Amino acid sequence: TPSRPAAQRPLRLQGAHCLVTGGSQGIGLEMARDLLKKGAKVTIAARGQGKLDEALEDLNVPDRCASVTMDVTDYASVTRAVAEAEKRFGPVDCAVCCAGKAYPAVLEDQTPEECDFMARLNFLGPVHTAKAVLPGMKERRKGRIMLVSSMAGQVGIYGFSVYSGSKFALAGFAQGLQMEVAPYGIRVGVAYPPDTDTPGWHEENKQKPEITKEVSGAASLVSAETVAHGMAVGLERGDFCITVGAEGFLLSILTTGFNPPTHVLKALLELFMLPIVRFIGLSLLSSWNDTVTRCIGLEKKGHKKC
């Protein structure tokens with residue numbers, strides 16, 4: 001065990017081996033594309049080989065991009081896939097945990113199987129991935145682990161109670177993990193993307209409760225390319241909290257809590273802005289609660305929409 005923390009070094013993506021779970025579509029696919037543009041070697045991982053083959057064809061960098069099938073809810077599958085990836089491109093320098101799923105519904109309308117799957121995929125998936133790549137990173141005394149949460153992992157929203165719980169859990173996991181691995185020069189980060197234009201978002205939007213749409217309807221839809229680029233920049237810098245856009249930045253201040261500071265200036269800005277952002281947050285929360293009360297009242301009267 002090292003006697004003092006190892007010096008933090010910036011991650012050079014040029015030539016680095018990056019493992020991206022959930023890399024066959026959506027944010028994961030665009031993250032892989034951005035990392036490849038920066039000169040990294042990328043292994044994309046997902047459960048279905050068919051979608052992985054389509055993604056590899058789309059990325060079209062056969063000398064620096066490969067795929068492995070991986071079920072992140074199964075630790076044995078993860079360790080096998082990591083070994084396969086490292087056999088091709090060498091040790092994993094950074095792991096980006098993008099695999100995730102939402103079943104939007106109020107709790108009593110969700111099946112136990114849906115609740116269990118979200119908990120295993122959204123929380124245990126990143127835990128399994130981090131556990132599999134950590135021994136090599138600690139031995140080399142360097143590495144990056146990025147856990148992809150959601151803005152719903154910062155603020156609980158009607159219809160996303162279980163999903164939000166599974167994503168909120170990543171913040172606590174990351175804080176504890178960062179404390180464990182900091183002496184080895186490893187950085188952990190949590191990304192909080194906003195509503196993102198992905199196949200997964202369009203699929204979940206079909207089953208969102210009308211109240212959820214009403215509450216979150218004002219939020220803008222951001223392209224997966226924009227989100228991935230912001231995440232890649234945060235990954236390179238070694239940021240702990242990685243956000244995209246003004247809304248994400250304000251939420252990061254409001255929910256900073258025990259997040260380890262990455263930059264002194266940002267920590268000072270958080271201290272200065274926290275009371276202001278808290279006031280904005282309370283106003284927004286009051287508005288959301290009023291919307292929920294109004295919509296439920298209309299539903300009781302037979303209205304199908306708020």
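Me: Which residues in helix 9 (residues 245-254) are buried?
Reply: Happy to start there, and keep in mind that this is a predicted model, where local features need pLDDT of at least 70, side-chain atom pairs count only at pLDDT 80 or more, and totals for chains, interfaces and linings use all residues. Residues are numbered from 1 along each chain as its sequence is written, and side-chain values use heavy atoms, with hydrogens and water left out. Buried means under 20% relative accessible area, exposed means over 50%, and partly exposed is in between (1.4 Å probe, protein chains only); helices (H or I, at least four residues) and strands (E, at least two) are DSSP runs numbered from the N terminus. In helix 9, the buried residues are Gly-248, Leu-251, Ser-252 and Ile-253.

Me: What covers the buried residues of helix 9?
Reply: Here we look for contact, which is heavy atoms within 4.5 Å. The cover of those buried residues includes strand 9 (241-243) and helix 10 (264-300).

Me: Are helix 4 and helix 5 roughly parallel or roughly antiparallel to each other?
Reply: Axes are lines fitted to C-alpha atoms, for helices over the stretch in contact, and angles run from 0 to 180 degrees between N-to-C directions. The two axes come within 8 Å and cross at roughly 20 degrees. Angles under 35 degrees count as roughly parallel, over 145 as roughly antiparallel, 65 to 115 as roughly perpendicular and the rest as oblique. Helix 4 and helix 5 are therefore roughly parallel.

Me: How are helix 1 (residues 26-37) and helix 8 oriented to each other?
Reply: Their axes come within 8 Å and cross at roughly 55 degrees. Residues that meet here include Met-31 and Leu-35 in helix 1, and Val-227 and Met-231 in helix 8. Helix 1 and helix 8 are therefore oblique.

Me: Which residue has a side chain joined to that of Thr-226 by a polar contact?
Reply: Thr-226 lies in helix 8 (residues 224-237) and is partly exposed, with a relative accessible area of 41%. A polar contact is a pair of N or O atoms within 3.5 Å; within protein, one must be able to donate a hydrogen and the other to accept it, and residues adjacent in sequence count only if both atoms are side-chain atoms. At 2.8 Å, the partner of Thr-226 is Ser-223.

Me: Is Asn-60 buried or exposed?
Reply: Asn-60 is found in the loop between helix 2 (49-59) and strand 3 (65-69). Asn-60 is not a glycine, although it has a positive phi of about 55 degrees. Because its relative accessibility is 58%, Asn-60 counts as exposed.
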